[in-house]
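This briefing goes through a protein model by topic. Please look over the sequence and the structure before reading on.

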Amino acid sequence: MSTDLFCEIIAGERPAHVVGSDEVAFSFLDTRPVFKGHVLVVPRVHVETLADLGDVGPFFERVQAMARAVEQGLQAGGTFVAMNNRISQSVAHLHVHVVPRNKKDGLRGFFWPRTKYESAEEAQSYADLISKALP
């Protein structure tokens, strides 16, 4: 069993602002979000890349639901959904970024400016808004 930062978060060994969790996926706020409300969706089972996942359907159903929840919960105009495989993958555990988007938000191409939450309470308020919008 491989242990990485995301496995530790799933196991409750490291803190995270949890947005959603079930037997297939675990979702939490990115600590260095592109925009506030940026969620990472990770499979509960440790896999490094998409090719390692096996049955992708159930996992991507969770990603799809999270994209809807981010838009609805944050009243965002849309989302940017992205995943890296090995190259630019900061943690060797498959993860999908679901980033809230709005027109003229400043995101251009693949340059991802990062922001910070002002406090743990502010981060939790974003997690709560998105979580309440999940089916």
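In this predicted model, residues 24 or more positions apart account for 63% of the contacts with a separation of 6 or more, a contact being heavy atoms within 4.5 Å. Local features need pLDDT of at least 70 and side-chain atom pairs count only at pLDDT 80 or more, while totals for chains, interfaces and linings use all residues. Residues are numbered from 1 along each chain as its sequence is written, and side-chain values use heavy atoms, leaving out hydrogens and water.

**Fold and dimensions**
- Three helices and five strands make up the secondary structure, taken as DSSP runs (helices H or I, at least four residues; strands E, at least two) numbered from the N terminus.
- Their pattern along the sequence is α-β-β-β-α-β-β-α.
- The radius of gyration, over C-alpha atoms, is 14 Å, close to the 14 Å that the globule rule (2.2 Å times the number of residues to the power 0.38) gives for 135 residues, so the protein is as compact as a globular protein of that length.
- Along the principal axes, the C-alpha atoms fill a box of roughly 40 × 30 × 25 Å.

**Burial and surface**
- Of the 135 residues, 42% are buried, meaning under 20% relative accessible area with a 1.4 Å probe, protein chains only.

**T49**
- T49 lies in the loop between β3 (39-43) and α2 (57-74).
- T49 counts as buried because its relative accessibility is 3%.
- Leaving aside residues up to four places away in sequence, T49 touches N85, R86, Q89 and L94.

Methods: Buried means under 20% relative accessible area, exposed over 50%, partly exposed in between (1.4 Å probe, protein chains only).
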